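Let's take a walk through this model together. Have the viewer ready, and we will go from the overall layout to individual side chains.

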Amino acid sequence: RYVTAEASAIRAVLTNTGTGTGRLGLFVSTDGTGANLTERVSVEANGNVGIGAKDPKQKLHLEGQLWIADSSASTDPGDSSGDGLRIGYLASNYKLI
């Protein structure tokens, strides 16, 4: 049914019992014990992939901010040192930041 390893799991999740369709989910522990697993990546039967999205609407659906950087760039949102591209949002206005 699913394979687990050290507080994480890859599971087949049935989403529609009538049609038998489902998705593949990657779950990780939110408390370090494995007792509370949270789905972080989802692959739908139609090929859509969600990161932070359980029901991806496009081929790649990301919920949250995206950070693309070289190894010298800071991961601190307030630090602009190094080379990188950050796509996200400020307050309630979605925009490139």
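What follows starts with the ground rules and the fold, then turns to strand pairing, salt bridges, one serine and a surface patch.

This is a predicted model, in which local features need pLDDT of at least 70, side-chain atom pairs count only at pLDDT 80 or more, and totals for chains, interfaces and linings use all residues. Residues are numbered from 1 along each chain as its sequence is written, and side-chain values use heavy atoms, with hydrogens and water left out.

Let's begin with the whole chain. The protein has nine strands and zero helices, where strands (E, at least two residues) and helices (H or I, at least four) are DSSP runs numbered from the N terminus. Its pattern along the sequence is therefore β-β-β-β-β-β-β-β-β. Of its 97 residues, 19% count as buried; here buried means under 20% relative accessible area, exposed means over 50%, and partly exposed lies in between, with a 1.4 Å probe and protein chains only. The protein exposes about 7,000 Å², and carbon and sulfur atoms supply 53% of that area. Such areas come from the Shrake-Rupley method with a 1.4 Å probe, and for residues only the protein chains shown count as cover. Among contacts between residues at least 6 apart in sequence, 7% join residues at least 24 apart, a contact being heavy atoms within 4.5 Å.

Now to the strand pairing. Two strands pair if DSSP finds at least two bridges between them. Strand S2 (residues 8-16) and S3 run antiparallel and are joined by eight bridges. Along this pairing, valine 13 stands opposite arginine 23 in S3. S2 and S3 form a hairpin with four residues between the strands, and glycine 20 there takes a positive phi near 75°. Moving on, S3 and S4 also run antiparallel, with seven bridges joining them. Valine 28 has threonine 38 in S4 as its bridge partner. S4 in turn is joined by three bridges to strand S5 (residues 49-51), again antiparallel, and valine 41 stands opposite isoleucine 51 in S5. This hairpin of S4 and S5 has four residues between its strands, and glycine 47 in the turn has a positive phi of about 95°.

How many salt bridges does the structure hold? There are two, a salt bridge being a side-chain nitrogen of Lys or Arg within 4 Å of a carboxyl oxygen of Asp or Glu. In one of them, the side chains of arginine 23 and glutamate 39 meet at 2.8 Å, N to O. Because arginine 23 lies in strand S3 (residues 21-29) and glutamate 39 in strand S4 (residues 37-44), the pair ties together parts that are 16 residues apart in sequence. Both arginine 23 and glutamate 39 are buried. The side chains of lysine 57 and aspartate 55 also meet in a salt bridge, at 2.6 Å, N to O. Lysine 57 is exposed, with a relative accessible area of 54%, while aspartate 55 is partly exposed at 45%.

Is serine 42 buried or exposed? Serine 42, which lies in strand S4, has 0% relative accessibility and so counts as buried. Its side chain makes a polar contact with the side chain of arginine 23 at 3.5 Å. A polar contact is a pair of N or O atoms within 3.5 Å; within protein, one must be able to donate a hydrogen and the other to accept it, and residues adjacent in sequence count only if both atoms are side-chain atoms. The serine 42 side chain also reaches the backbone oxygen of lysine 54 at 3.4 Å. Leaving aside neighbours within four places in sequence, the contacts of serine 42 include Leu24, Val49, Ala53 and Pro56.

Ile51, Leu60, Leu62, Leu66, Ile68 and Ile87 make a nonpolar patch of about 490 Å². Patches are made of residues with over 30% relative accessible area and no salt bridge, with like charges joined within 9 Å and nonpolar side chains (Val, Leu, Ile, Met, Phe, Trp, Tyr) within 5 Å. Strands S6 (60-62) and S7 (66-69) each supply at least two residues of the nonpolar patch. Leucine 62 sits in strand S6 and is partly exposed, with a relative accessible area of 35%.
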